[in-house]
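Open the model in your viewer and keep the selection tool at hand. The stops below go one by one.

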Amino acid sequence: MPLSKTFVYISHPRYLEHDTGGGEHPESPERLEEINRRLQTLADPGRIVTQKPAPAARSWIMRIHSEDYLLRFEETALAGLGYFGHPDNQLGYDTYEIALLAAGAGLSGIDLAEQEPAAAIFCGVRPPGHHAEKAMALGFCFLNNIAIAARYWQEKYGRRRLAIIDFDAHHGNGIQAAFEESPEVFYLSIHEHPTFSFPGTGYAEEHGVGSGLGTTMNIPLLPGAGDREVARAFTRRVEPALADFRPEALIIGAGFDGHRLDDMSGLAYSSALYRFLGQRIAALAERHCEGRLITILEGGYHLPSLGESFSEYCSGLRQSS
Ligand SMILES: [Zn+2]
């Protein structure tokens, strides 16, 4: 067996302090505790590095979110109101600061990917981000970690052509909204069909807007869809689209809530599917981007499945092609 690639896990203990009210809320600190436990069991432990990010500077956050929104977010957290905008978006006193740290993980990951493109880089963050829009918190998300990272990669390193693959069970409406008019950022999402699933966007007909027409690809799957449907979509749609687009860097939105045991969706993926995705994604990054690839955690709420799926995905990422 060849040695696995070096695995860099970027996370921060303060992510556990983002308070979603305790008890009933599915987006709980236990999610990251489960991932942290699984991290200890990955192969080649001598080649696993953990790294703490710095908070993202407001100037980077404001490439995606409005200043007024950031002020309202900070004030709401500090006022102890309990939630922001909608009761789904539970928050505590420290959530604003922790969200800046979560956005910072992607930026640290990108700095590292530029120095060490051969490493497999996973940002284990909370709160998640892909539903957050310019001026709206949604679906447990406050700052759009992936969209902020994409702008950073473009502006700091001049990697203008970026692809984002989002395999969370839900459509990343916030990422799509940020880049639907951009021909330089290709957003590809495989998710449960919006007729049946939150947030109700991500129809196949949504291809992008204006000069961004053609660089949004939504692949909605019917409830009950499993590994075979994802593998087919990946092979027949995602891989050819990226071969045409030729991205310079790749960002992955890794949500594990499509697992058959996760009741946040009606999808029926196995844990093994995530190993397949990890392998194919690493191969895409090597083929098109000289290995420049980072992964950022989104959803995944059934704890044992989340841990197992994370472990499978990371094993796939680390296998050299
Ligand atoms: Zn999700």
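Select H170 and D257: both are buried, meaning under 20% relative accessible area with a 1.4 Å probe and protein chains only (exposed is over 50%, partly exposed in between). This is a predicted model: local features need pLDDT of at least 70, side-chain atom pairs count only at pLDDT 80 or more, and totals for chains, interfaces and linings use all residues. Residues are numbered from 1 along each chain as its sequence is written, and side-chain values use heavy atoms, with hydrogens and water left out.

Now show the zinc ion. Its protein donors are D168 (OD), H170 (ND1) and D257 (OD), at 2.0 to 2.1 Å. Donors are N, O and S atoms within 2.8 Å of the metal (3.2 Å for Na, K and Ca); water is not among the atoms, so sites may look incomplete. Along the chain the spacing reads D-x1-H-x86-D. H170 sits in the loop between β6 (162-166) and α6 (173-179), and D257 in the loop between β9 (249-254) and α8 (271-289), 87 residues apart. Helices (H or I, at least four residues) and strands (E, at least two) are DSSP runs, numbered from the N terminus.

Next, colour the strands. Eight of them form an open, parallel sheet in the order β2-β1-β5-β10-β9-β6-β7-β8. Strands pair if DSSP finds at least two bridges between them. β2 (48-51) and β8 (216-221) stand at the edges with a single partner strand each, so one side of each lacks a neighbour in the sheet.

Zoom in on β1 (residues 7-10). It pairs with β2 in the parallel sense over four bridges. Pick F7: its bridge partner in β2 is I48.
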